[in-house]
Amino acid sequence: MFTDGLFVLSPMSVAGLREAITRPAERAGLTLEPGLVPLLLRDAGLRDEQDGPPGHGSGTLPDVTPSGALPLISHALLTTWQRRENATLTVAGYERTGGIRGAVARTAEDVFARLYPAEQQTIRRILVRLVHVADGTGPTRCRMSRDALLNRSDDADGATAALDAFVRARLITADRDTVEIAHEALLHAWPRLRGWIDADRAGLLIHQQLAHAAEEWEREGRDPSALYRGTRLDTVRAWAEELDGRSRLSAQEEAFLRASRAEEADRQQQARRQVRLRQGTLATLVVLLALAVVAGATAYQQRSGALNQERVARSRALAAQSASLAAGQPEASMRLAEQAYRARATPEARGALLSTQAQPFSARLGGHRGPVNSVAFAPDGRTLATGSSDGTVALRRLADRRTTATLRMAGRVRSVAFSPDGRTVAAGATDVPVRLWGAADHRTKAVLPASTAGARAVAFDPRGRTLAVAAGDGTVQVWDTDRGRRVATFTGHAGQIDALAYSPDGRTLASAGADRTVRLWDTVRDRPYAVLRGHNDEVYGVAFAPDGRSLASGGADRTVRLWDVARLRATAVLTGHSDDVNAVAYTPDGAAVVSAGGDGTTRLWDVRTGTQTLTLTGHTDYTMGVAVNADGTLLATAGFDQSVVLWDLRGSTLAARPFTEVWQSAYSPDGRLLATADTDHTVRLWDVTARRAVATLRGHRAAVFSVAFAPDGRTLASAGSDGTVRLWDVAGRRLLATLTGHHGDVFSVVFAPDGALLASAGSDRTVRLWDVAGRRPLATLTGHTDFVNDVTFSPDGRTLASAGDDLTVRLWDVAGRRPRATLTGHTGAVRGVAFSPDGRAVASSGNDGTVRLWDVRLHRPAAVLRGHTGSVRGIAFSPDGRLLASSGSDRTVRLWDVAGRRPWATLTGHTNAVWGTVFAPDGRTVASSSNDGTVRLWDLDVPARFTAICRLRLSRC
């Protein structure tokens, strides 16, 4: 009935589009600066007819306006109008908006930001479904049925709302039945969408192939021969089940996958029947032959083989148990690792044994017959005092972990403290007054009056003149211990007081207790100073930062709170404990707070960021007290399980303070220094032997991704997301030069073996060569079609290998500045590449979870090493070429026997993805860098580690 009024409109010409831009502006009284319209048309991919007749000028650009160009130009004009100069839309204003691409990106980001979180997740799934990707090419848009796009959503209304928001913004075009992205520019201009595509490129390819196969299957009447099987089915199944792919499947694709799995199950069942039949027949023949020919010899061999298999199985089982207990029961984990290695030196046992290095557990001190409530280090760090509900204070010599004295009280000891000079030990207990002993002669020096009975906390003034006591009557009493007289009494708490702490200068005393407050007292004028409120339950622990500017408190509300002492306000609330926080302490550098919880854990928190950096689980019951020694290397925790546990905070781990993720590390040629590339825009230099940072190099304006030492060790190169490569004087700790040229992130940097050349690789898809001495670019190697993630020189310096997101490893002739070979085989982005020491092999690591070895001379694959359960990032050969180390998102470092093409050990201990791994120059240590903020140094001397665990077990007190 409406056909008489319908007309088919042909595409708008470029001239018509020019009028659509200029005439509304004229009517609105606006002026378009000359050159603006041609610039708009050019950026939209159109030829301006005023530039000349077809075939001239832009030549290959279209004469008509393609679908989606008008919305893009509309976006650009709107943002240019917002930056107009009076009534003139200028070229400068347009360029400040970022052009058409910038306008599209800004509009898309604004629309996305206005969506609810659930809608943001929905629109992400919708947008990536509207993108077509293919190997070796960039993403393109594709048209989809609206019903197919929305029928898998759990929230159809939310999905419709999210889609409509992008349609209204003219970023997506939709008709009655279909939907598509308005313009290809959105795929490249909007960083968020580009990131989604890059992050799930492999998944998109899998889904596209699955959709095509499902359509073919349906067209062929659901012919079983068209179904997936084998590796293709395994790949799709893993994507659907492990990477949230099932939520993206249409009904047809779901049916196809279900039918494929059923067909595969039937086929496997038939194969198993055939195998069992063949195995049964073969076994019968073998048994008959063995009995007839060599019955005795066979029996002996069977017995030997069975024993060997039993040892291997036992070793693997014990290693698995060791790994499962590593986080909660470090002693049991070490014992099981030792037993596993004794049973058989399997890769699993070797890995479990070496992985015990990740446990900071140092020793467990027994001796008490009741809960241990308090611990305190002597100022010189040689002695530890522990107070227990069994009525004793134990003094322990830390050198050999021996108890040197047991000091007795008639009540349950609640708190112990050393005087600042270390000569006196004070303790408070239930029902009896505070008592003081000589730390050297262990004799009673004083017993304070009965008013101090029931003290739950004692603390010496850092100036050494007085002792503060949290008395049983709810007051804070300050005593002159030399004269035995009370010099001050502070009242104000309502209820018992559980904790005391002096500021470093002794001028302020903090107390905390059952009234949920932390109170500050002026010890110079002997009067109240302030009351800190915020806890909603009893406060059990309080401690001043070493600089006295901050205060930490913890309590029954399961929180640790950080306070600004000057401003008298909370600066952070740290949550993570699942039970009361019984005690808190600062590390000597003030960068971390340690909390002891009723959940049996001790947690370390980064003060600046509030990030939990380490969790120690060694007690089987409440953790009651915590103390850190003066140099911050040793932590002691007191437990309700009647034990004290010592933790080595230095150990084999390098951790920056404040917290920062670590992308990569590199050893200096002499192995004395380790450089780390950190996300806080710095490069840190570490003394490997002392396990401490010796310098922080600042200059990058964004995260640093890669570091490399020159062969002579005098120069360090770093590269990062600020697009620069920087050269540093290692000895002088100063910047030598900044090399620019990359457009975007620089992911990798490496020196040539002779130190004359430097290679870098980045997101601009190039590998660049630099003259180190001249600080100038030499060549740009192009060929990769996506990000270049890593680059390395061969040992002779003649060949360069690069790894890219285009799934390739490329070999380059350094002298000729030209490609030599392209190695393909990875099914995911290639993240790392390394030459073997003899230069005959290249190893690569990728997002497909594999490590691949390549024959450099023949340019073909030599082996595929599987074992990682996620993307593989770091890759490195040992100096002798016998071992290969790889690391990845599964939080492990895996060591491979190169000759045998098999696992050698798996190292666990990192709590997040491990981005880099590197061998020390002597090959005895592997350093792994992780975004858990640590670099772990793994000593690969298995016999030495075995001996160390045996010694640790024998030294238990």
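Student: Is F787 buried or partly exposed?
Tutor: Buried means under 20% relative accessible area, exposed means over 50%, and partly exposed is in between (1.4 Å probe, protein chains only). F787 has 24% relative accessibility, so it counts as partly exposed. Keep in mind that this is a predicted model, where local features need pLDDT of at least 70, side-chain atom pairs count only at pLDDT 80 or more, and totals for chains, interfaces and linings use all residues. Residues are numbered from 1 along each chain as its sequence is written, and side-chain values use heavy atoms, without hydrogens and water. So for F787, the answer is partly exposed.

Student: How many aromatic pairs does a search of the whole structure find?
Tutor: Rings of Phe, Tyr and Trp (its six-membered ring) pair if their centres lie within 6.5 Å; planes under 30 degrees apart are stacked, over 60 edge-to-face, and the rest tilted. Searching the whole structure with that rule gives 10.

Student: What kind of pair do F361 and W647 make?
Tutor: Their ring centres are 6.0 Å apart. The planes sit at 85 degrees, so the pair is edge-to-face.

Student: Which residue lies over the face of W915?
Tutor: W915 belongs to a cluster linked by ring pairs, along with W663, F705, F747 and F787. A charge sits over a ring if NZ of Lys or CZ of Arg is within 6 Å of the ring centre and within 35 degrees of the ring normal. At 4.1 Å from the ring centre of W915, the residue is R873.
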